[in-house]
Structures are given as C-alpha cells and as structure tokens.
Amino acid sequence: MSGESLMVVEDEAHLAEVIADNLELEGWSVEVVGDGKQALERIRAAEPDLVLLDVMLPGMDGFTVCETLRGEGSRVPILFLTAKSGRDDRVRGLQLGGDDYLGKPFDLEELILRVRAILRRGEWERAPSPAGDALTLGDAVVDFATYTVTQGDRSVELTQKETMILRCLAEQPGAVVSRADIVERVWGYDVFPTLRTVDNFIVRLRRLLEPDPRNPRYIHTVRGTGYRLTP
Amino acid sequence: MKARGDDAEQVVRRPLRVYGLIVFFYAVLLTWWVYFFAHLGEQLIERMEAGGTPLSDAQRVTLVDAGDEAMRMFVFEGGFLGLLVLLSVWLVMRSVQREVVLARQQRNFVSAVTHELRSPLASARLYIDSILMRRTDERKTDRYLRHARQDLERLGRMVEDILLTRRMAESGVDVEPEVADLDAQTRAELERLHDLHEERGVTIALESPGPLLARVDPIAYGQVLDNLVSNAAKYGGDGSTVEVELSADGVFVVLEVRDHGPGLQGADPLRLQEPFVRGGDEQVRTRPGVGLGLYIVRELVRAHGGDVSLEDGLPGGGTRARVTFPAAAGEEAAA
C-alpha cells in the first residue's frame, strides 16, 4: 500500500506544506510543484502514482495540465483540489479525465481516504483482469491493456474510463451491473454529480461497438438498474 | 458559475428584444398613418363624388389642402412622439447595458473572492485538523499554529476590505481630517507593519525630512499606508525592501511607496484602482488578494482631496505608488 509517489501541484505555500506533510505521514513519498507548466514537465519525467492538482495555477491552469496529459496518452490518476466548486467545474474536471474532485476547504481525513481510494483503483486497473486481456464482441476486439478497439483493420482508441467501464461489465458477463457499481469501480464513491453520466459513456461505447446502436446486441440497458454485457 | 453568469446577461438582454419590437411596430404604424393622411383629401373627394355631391375645382383644392395640413400636423406630432419613444428606449437600453456590466463585475467578484477566501480557509483547517488528529510533534504544532494564524489574518484582512468597500459604495467615504504630523504618524504605523512583514524577511525603509503637517484622518491614513506597504511587500517578494518616502510638494504632502518587484507589466495604472481589478499577468495572479487594496486607497485619498498615481519603468525596476494629502503648514497639530 505505501511507498507510492504522489505529486502535489499547489501554488499556495501553506496548503502545499500541510498536504505534503500529511501524505508523507501516510508513508507516501511526495513532491510539491507550484506552477502548472513545471508540473507538466515533472509529471512527464517522474511518472507519479497520483497527482493532486489545483485548478488555479500560475503558468498553466490545472484543467489544461490534465487535458494535455490525457492528450499525450498519460493515464496518471488525477485528483483535482480546487477552490472552484461549482457543478460545472466538477463536471469539466472529470470529463477532461480527472479521477476525482475535492473542493476547498476539505477534511484531512477525507483527503487521505480519497487518495487511498484512487490508489486502490489504480491497483485494480493494473491487476490482471479475471476477464482476460481482451474482450471480443462480434468482430470487434477490445484490448484492456492498450485501450483500443480493433474491428478488422480499423482501430479506435478508447479513453481510460471507457475501457474500465467495459472491463467492469466484462468481469461479470451476463450479470446486471448497476450504475452505482460502475461509478464506484471506475471513478470511486460520490464523485459524479449524477449516475446518469455513466449513460453518456455507454452511448459512445455503443456507437463504437454495436452494429446497430439503437438495438444493442452486446451492451443492454436494464431499466432502472444498470447494464448487462452479453459477449 | 459561468453558465449562471450568462443567464444573468440573458435576463437583462431580453427587454432589449421587446423594445426593438416596439420601435419596429411604431415605425410601421407611422408609415401607414402618413400614407393615410397623404391621401386623405383625395379619398374625401372620391367619397363625396361617389355619394353624388358635385364639387367645384375650388372645393377640390380646399379639400386637398386640408388633407395636406392634417398630414403636416400629424407628421410633426407623430415625429415628436417617435422621438420620445426612441429616447425612452435609448434610456432603458443604457440602463440595461449598465446591468450587464454590473453582472459581469459581480461575477468577477464572486470568483475572485471564492478563491481568495477558500484557500486560506482550507490551509488553516488542515493545520488545525493535523494538530487535533495528533499528527504533529511540538515543533510542528508551533509552526502549524503560527501558519494557521497567518491564514486567519489574511482572511480577516480580506473580509475587512470587502466590508469597507461595501460601506463605501453604500454611504460614501467618511473621513474626519485633522491636522497631523505625517512623519510621526508614519513612523508609528511602520513599526506595526514591520512586525507584520518581518517573518517574510521584508524590510521597510523610511526617508523623511522631519515633521510634515497635513490634514488627514489618522485611521484612514493608517489604512492607506498599510495597503500600499502590503502591496509593495507582496509584489517585491520575500526578503525585499519596501522604500517609503515622505516629502512636501507645495500645497501637498506626498507619500511614496516603492517596491522592486516586476512592475505593472503593462497593466493600466488607472484600471488597477478600480474595485476587483488586478494585474493580468499570471505571476501577479498567484499573489493573494481580491483587487481591493488600491481601490480603497484611492477612495480614502480622494476623500481627503488628494490623488493617487502609480508608476513603473523606474531605474532598478519595481512600482512606485504616489499619494498626496493637503498640507497644513502653519497650523497646529492635533494633540
């Protein structure tokens, strides 16, 4: 559990100090960076296990840092820490590929719990899946390791979240998986403003994988509950 | 936050469309009426002849003239009414425009204040949480408590600034100038400020020709000096020197506060004195503050009959703030 390396990107000196001190006390090694551009370089170089990212930063704002990293294919887990806590900002942070979102001011205990939860999800992602390395749906093959869908000679990249949703469904083929389960597995508890957000991801997955997205053959909606995968 | 702000602008723009429609309707109506009156004489002639009343040429001319006269009268009155409509629409539009600007300012305020209030609140809370959860030794507890206290001071100053701005907007600036020796006032204030900025290694140097009498409100003067020195310390950075200079300039006593920071970086010195406006450079954005310090300084100084100016591009870099107060040479200092 311990020994993972975390990066705290925060320009408020006091906040960075007290967060870093407490995370170190939990046994993680912590690096503090106070500037967005610098953070981007350090994350690329050090490849930490988790980044705690402030949104309002000198150099480059946290959203752009996250977007840039995801654009480069980086999968480093990101926990947004920010004074902006409007619903729109939450959604934006998560859609850009953030893993969780904590509005200032927050509890010390809550921060530590969330960091633990994200690191644990990281372990689940890295662990070999009971469903195997790939999922075959008709003529489409989803590769859990490379996040790609291959159909004949056509190959499409999935986002990390999309891949994890599929993997979550594939680990229980034929069984109904509730939206809440998916959210908890893929994002962690109470992250999303609404469970319906999962539906948006499913819509895109169907467009990619189903021969006829209006009459799904593989990813079925179970009314009022969740989804079921039938390979 | 952004979406809600846009909604606010939507709400104030809606009446504009209604007024546009009213003006359009009025224009159509006026055109139709003008057409009607222009042909009034001819229509009367037609109707009378159709009704079997034979008209002489003289009678025809009289009828056409009467129609023209009615049209002239109508165009004059209708035009006047039209001008009134346009004027009232213009007035309404101007106030709507003001609402839009106000809504935008409000949004800036909310977003600046949210960040500025929440950050020190967050760190103070984490410092205290850490101590309560027994995660600190004695040395660290001391350090954390000191830092939490600084956070609360920062919060307190910001709340005071916001409340003062609110009071200024509501009931104007209220100062009670009295004859005071600015040299002595400044020395006393700086002693207090010195303690405040010492921890960050900021030195404050005063240059003064000796006693200088001016008409100032001592409390307001203290606030002006505090805001200017805090700004200079903030932008000068840790370990820098803030230079404070007093001098006499004719009917004014001049206070200058200078730092060796990055300067104004292209920001408009006049705009920086508006409420909630801060320098646009990201380097500056990272310094705490909501953009009220200079606004408060300007309002207080103007209430004394003085003025504020900012200047950069000085040899050795940095920014110089210059404020003036009316001199009171020859008068007795209040006890």
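**Close-up views of a predicted two-chain model**

**View 1. Strands β1 and β2 of chain A run side by side.** A:Ser5 stands opposite A:Ser29 in β2(A). Strand β1 (residues 5–9) of chain A is joined to β2(A) by 5 bridges, and the two run parallel. Strands are DSSP runs of E with at least two residues, helices are runs of H or I with at least four, and both are numbered from the N terminus. This is a predicted model: local features need pLDDT of at least 70, side-chain atom pairs count only at pLDDT 80 or more, and totals for chains, interfaces and linings use all residues. Residues are numbered from 1 along each chain as its sequence is written, while chains are lettered from A and ligands numbered from 1 in the order in which they are written.

**View 2. Chain A holds an open, parallel sheet of 5 strands.** The strand order is β2-β1-β3-β4-β5; strands pair if DSSP finds at least two bridges between them. At the edges stand β2 (29–33) and β5 (100–103) of chain A. Each has a single partner strand, so one side of each is left without a neighbour in the sheet. From one strand to the next, the twist averages 20 degrees.

View 3. Axes are lines fitted to C-alpha atoms, for helices over the stretch in contact, and angles run from 0 to 180 degrees between N-to-C directions.

**View 4. The largest nonpolar core has 44 residues.** Such a core is a set of buried Ala, Val, Leu, Ile, Met, Phe, Trp, Tyr and Cys residues joined through C-beta atoms within 7 Å. Buried means 20 or more other C-beta atoms within 10 Å of the residue's own, with C-beta atoms placed from the backbone. Residues with the most contacts inside the core include A:Val8, A:Ile19 and A:Val51. Helix α1 (residues 13–25) of chain A gives the most to this core, with 6 residues.

**View 5. Helices α6 and α8 of chain B cross at roughly 150 degrees.** Their axes come within 9 Å. The two helices are therefore roughly antiparallel to each other, a term for angles over 145 degrees.

Technical notes. Buried ≥ 20, exposed ≤ 12 C-beta atoms within 10 Å, placed from the backbone. Parallel < 35°, antiparallel > 145°, perpendicular 65-115°, else oblique.
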